[in-house]
Amino acid sequence: MTAILEVEGATKRFGGLTAVNDMRFRVAAHEVLGLIGPNGSGKTTMINLISGALKPSAGAIRLRGRAIGGLRPDRIAQAGIGRTFQLVRILPGLTVQENVMAGGVFGHRRAWGPALVREAAGLLERVGLAGRGGEAPEQLTYIDQKRLELARALAGDPQLLLLDEWLAGLNPTELQTGIALIAALREEGRTIVLVEHVMHAIRSLCDRCVVMNSGAKIAEGPVAAVLSDPQVVAAYLGEADEAG
Amino acid sequence: MTAAVDAASPARIAVTPAERRIGGIALLLFAAAAGLPLLDTGYWLSLGVNLAMYAALCTAWTLFSGPTHYVSLATAAFFGLGTYSVGMGIDILPFPVLLAIAAGLGAALAALVGLATLRLSGMYFVIFTLGLAELVRQVVTWYQTNFTTGVGLYVFTDLTEAHLYWMLLAVAALAYLTGWLVNRSRLGFAMRIIGNDELVAAHVGIDTARAKVILFTISGAFIGLVGAIMAPRFAYIEPPSAFNPMISFLVVIMALLGGTGRLWGPLLGVIPFTLLWDVISARFPNQTSLLLGIAFLGVVYLLPRGVLGLAARLRRPAAPARGAGGA
């Protein structure tokens with residue numbers, strides 16, 4: 001197994017608070033890794049360290065063996081990492097189609113012109129927004145904005161895709177659509193790190209899970225095994241009394 | 001935002017018939033404007049010089065501040081540097097060389113300032129640029145009082161008002177053409193993304209600082225050039241007139257009045273405001289600062305998106321302000 005991403009001892013301190021503490025994990029090619037844990041356990045901070053939104057205080061992060069920890073986010077995007085944001089971030093002044101194009105021009109793929117237009121149209125179709133390229137993104141529903149953000153991330157054809165709670169805030173029907181969409185990306189052979197709270201999504205989508213609590217890794221392994229780990233259960237539900 | 005949606009897009013690589021038509025009309029208007037000195041060489045030409053100067057300055061200012069929404073008050077610094085290049089070199093070097101030097105100095109100062117400050121956002125950037133103009137003025141004054149014989153400089157050339165007018169008009173056209181080319185390029189697309197969301201811009205792979213510095217540098221070069229062209233008209237140059245902060249404020253007001261969503265938007269502000277300002281400076285010479293302040297408030301409160309935004313609102317009264325596709 002060749003590792004796409006290697007995180008070795010990544011640490012982030014904000015003053016006295018250690019938000020991410022000595023995290024270590026690897027993501028293999030074509031693997032979908034779930035990064036889970038209770039609220040405030042440091043998952044999004046971990047994603048931000050990988051994407052370059054934050055610089056690690058210590059530790060190494062490598063993409064295909066190349067050190068990327070501490071680089072600027074644009075350098076990391078050019079190296080081949082794409083992401084979506086926990087709170088969806090669309091570009092309101094651009095059309096839907098241009099929002100998608102934005103992802104494909106400056107990254108490790110530098111498309112332009114008619115090829116870029118075709119590709120954006122293809123990606124819109126792929127995420128279920130076919131023919132809506134001319135619309136203003138603010139008029140899209142919440143799930144459609146999330147789809148748009150995913151299409152933008154895909155436009156860069158990332159070697160590693162980071163999805164930060166991409167399924168959060170969707171209603172049950174939308175959730176099914178969303179899970180199917182990520183499942184399709186998985187079939188395509190994409191390498192994905194998924195921060196998620198929706199447990200059945202994690203069960204159906206992830207090969208492996210890394211569980212964080214208070215900034216540190218407390219478990220790692222196949223999804224079913226990890227989710228029944230007493231330490232993980234305790235982290236989510238509190239220490240078990242006789243009620244168990 | 002209205003205009004940003006249908007501004008130049010990476011989807012359009014070829015020149016469309018509409019663009020060709022607009023280009024044709026622009027060329028005709030340009031030719032008509034260039035004919036002004038043939039009709040009058042007195043008051044109207046003098047007014048024309050002001051119009052052409054502010055058209056060039058506002059277009060150059062909008063190159064950077066339009067897409068980024070960073071309000072720069074450094075116009076007077078670049079302008080004054082251009083004016084002084086001519087003032088100090090007119091006895092030694094030919095005028096065209098001085099123009100090149102002025103553009104180079106404007107670009108260099110802008111690049112320097114850009115590298116130092118573009119990480120500042122919002123209010124901090126505005127204050128810094130305002131302070132910068134003052135700093136450059138003080139440095140020039142200090143230099144002149146300590147190392148030269150006097151504070152003022154005389155610029156005598158055989159350039160007529162008509163020559164200056166044509167040069168300014170050419171610079172305005174060049175600035176506009178540059179902006180048009182930038183808008184069609186990756187750099188222009190990057191700037192629109194930066195103007196929308198800088199965090200997203202960085203995460204799609206845009207070196208945001210570099211893009212902003214490049215555009216600020218281009219803008220500074222054009223403003224320096226305009227300052228140099230205006231030097232012969234001042235005839236006598238001293239720091240308070242060359243680095244006059246009023247220039248910075250007027251440029252911002254005019255550009256915002258017209259609207260910065262489109263490159264030609266500022267022209268809609270330059271023409272009425274220059275005419276209005278001409279009347280104000282003639283009738284109320286002691287109250288210009290007060291009236292400038294009132295004009296600023298008026299533009300910001302009544303026309304937050306400028307004449308451009310107003311026109312778009314009148315055209316599509318019922319629909320939400322945006323929606324038409326750029327593809």
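A residue is buried if 20 or more other C-beta atoms lie within 10 Å of its own, exposed if 12 or fewer, and partly exposed in between, with C-beta atoms placed from the backbone. The model is predicted: local features need pLDDT of at least 70, side-chain atom pairs count only at pLDDT 80 or more, and totals for chains, interfaces and linings use all residues. Residues are numbered from 1 along each chain as its sequence is written, while chains are lettered from A and ligands numbered from 1 in the order in which they are written.

Strand E3 covers residues 32-36 of chain A. Five of its five residues are buried, so E3(A) is largely enclosed by the rest of the structure. Helices (H or I, at least four residues) and strands (E, at least two) are DSSP runs, numbered from the N terminus. E3(A) runs parallel to strand E8 (residues 192-195) of chain A, and four bridges join the two. Two strands pair if DSSP finds at least two bridges between them. Within this pairing, A:Leu35 stands opposite A:Val195. Four bridges also join E3(A) to strand E9 (residues 208-213) of chain A, again in parallel. Here A:Gly34 stands opposite A:Cys209.

Strands of a sheet pair through backbone hydrogen bonds, either parallel or antiparallel. An open sheet of four strands in chain A shows antiparallel pairing, in the order E2-E1-E4-E5. Strand E2 (17-28) and strand E5 (66-67) of chain A stand at the edges. Each has a single partner strand, so one side of each is left without a neighbour in the sheet. E5(A) is joined to strand E4 (residues 58-63) of chain A by two bridges, and the two run antiparallel. A:Arg62 has A:Ala67 in E5(A) as its bridge partner.

Helix H1 (residues 43-51) of chain A lies across strand E1 (3-14), E2 and E4 of chain A. H1(A) runs at about 65° to E2(A). Axes are lines fitted to C-alpha atoms, for helices over the stretch in contact, and angles run from 0 to 180 degrees between N-to-C directions. H1(A) is mostly covered, with nine of its nine residues buried. Among them are A:Lys43, A:Met46, A:Asn48 and A:Ser51. A:Gly52 follows H1(A) and has a positive phi, near 95°.

Most residues other than glycine have a negative phi, and most peptide bonds are trans. A:Asp22 has a positive phi of about 50° although it is not a glycine. A:Asp22 sits in strand E2 of chain A. It counts as partly exposed, with 15 C-beta neighbours inside 10 Å. A:His30, also not a glycine, has a positive phi near 65°. Its place is the loop between E2 and E3 of chain A. A:His30 is partly exposed, with 15 other C-beta atoms within 10 Å.

The contact between the chains takes 31 residues from chain A and 29 residues from chain B. Two residues are in contact if their C-beta atoms, placed from the backbone, lie within 7 Å. Helix H2 (73-79), helix H3 (96-105) and helix H4 (114-126) of chain A each supply at least two residues of the side of chain A that touches chain B. H3(A) gives the most to this side, with six residues. By class, the side has 14 nonpolar, eleven polar and six charged residues. Ala, Val, Leu, Ile, Met, Phe, Trp, Tyr, Cys and Pro count as nonpolar, Asp, Glu, Lys and Arg as charged, and the others, Gly among them, as polar.

In chain B, helix H13 (residues 245-258) and helix H14 (residues 265-283) pack at an angle of about 125°, with their axes 6 Å apart. That makes H13(B) oblique to H14(B); angles under 35 degrees count as roughly parallel, over 145 as roughly antiparallel, 65 to 115 as roughly perpendicular and the rest as oblique. The residues that meet include B:Leu250, B:Ile253 and B:Met254 in H13(B), and B:Val270, B:Phe273 and B:Trp277 in H14(B). This contact has twelve nonpolar, three polar and no charged residues.

B:Thr157 lies in the loop between strand E1 (153-154) and helix H8 (161-183) of chain B. B:Thr157 touches B:Ile90, B:Phe95 and B:Pro232, not counting residues up to four places away in sequence.
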